[in-house]
Amino acid sequence: MITGLDHIQLAVPPGTEDALRAYYADLLGMTEVPKPPALAARGGWWFEAGTARLHLGIEADFRPARKAHPGLRVHGIDALAGRLTAAGATVTWDDALPGHRRFYSLDPVGNRLEFLEPQA
């Protein structure tokens, strides 16, 4: 029986460490957590913020996820949209989900991400 969601993994191309760390840690404010040694040998990174856990795995034949995406719940969605825009990322607002404010954006390698904040 499923009891919860442990993590989401996104594929990323080799050689993108600096750009992805800057995006996920510095821009989004996620914390990089160490991978167990046996898994660290495969490359990639793990990030966490609150209960959200995101794993980035190296894929030699990388293609960004354009439709599939993690939905990341946020607090202060306008400030986050402003930070992303100031950093040169495109922010596309979508008001189709009742009870939420949300937008989509792409990470530095083109993976689609959804950011949403429940409305009070």
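Mentor: A charge counts as sitting over a ring if NZ of Lys or CZ of Arg is within 6 Å of the ring centre and within 35 degrees of the ring normal. Keep in mind that this model is predicted.

Trainee: What makes Arg112 a residue that lies over the face of Tyr104?

Mentor: Arg112 is placed 3.9 Å from the ring centre of Tyr104, and the limit is within 6 Å. Arg112 is listed as lying over the face, so the condition of within 35 degrees of the ring normal holds as well.

Trainee: Why are β1 and β2 said to stand at the edges?

Mentor: The open sheet has the order β1-β4-β3-β2, with mixed pairing. β1 (8-12) and β2 (31-33) each have a single partner strand, so one side of each lacks a neighbour in the sheet.

Trainee: How do you know that β2 and β3 pair?

Mentor: Pairing takes at least two bridges. β2 and β3 (residues 45-49) have three, in the antiparallel sense. Glu32 stands opposite Phe47 in β3. Helix α1 (residues 17-27) packs on this sheet, and its direction makes about 10° with that of β3.

Trainee: Which residues form one aromatic cluster?

Mentor: Tyr23, Tyr24 and Phe47. The structure holds four aromatic pairs.

Trainee: Why are the buried residues of α3 said to line one face of the helix?

Mentor: Those of α3 (residues 77-86) are Ile77, Leu80, Ala81 and Leu84, and buried means under 20% relative accessible area. Seen down the axis, they fall within an arc of 100°, so they line one face. Their cover includes α1, β6 (92-94), β7 (100-106) and β8 (112-118).

How values were computed:
Residues numbered from 1 in each chain as written. Predicted model: local features only at pLDDT ≥ 70, side-chain atom pairs only at ≥ 80, totals over all residues. Heavy atoms only, no water. Helix = DSSP H or I, 4+ residues; strand = E, 2+ residues; numbered from the N terminus. Contact = heavy atoms within 4.5 Å. Axes fitted to C-alpha atoms, helices over the stretch in contact; angles between N-to-C directions. Phe/Tyr/Trp six-rings, centres within 6.5 Å; stacked < 30°, edge-to-face > 60°. Buried < 20%, exposed > 50% of the residue type's maximum accessible area, 1.4 Å probe, protein only. Arc of directions from axis to C-beta.
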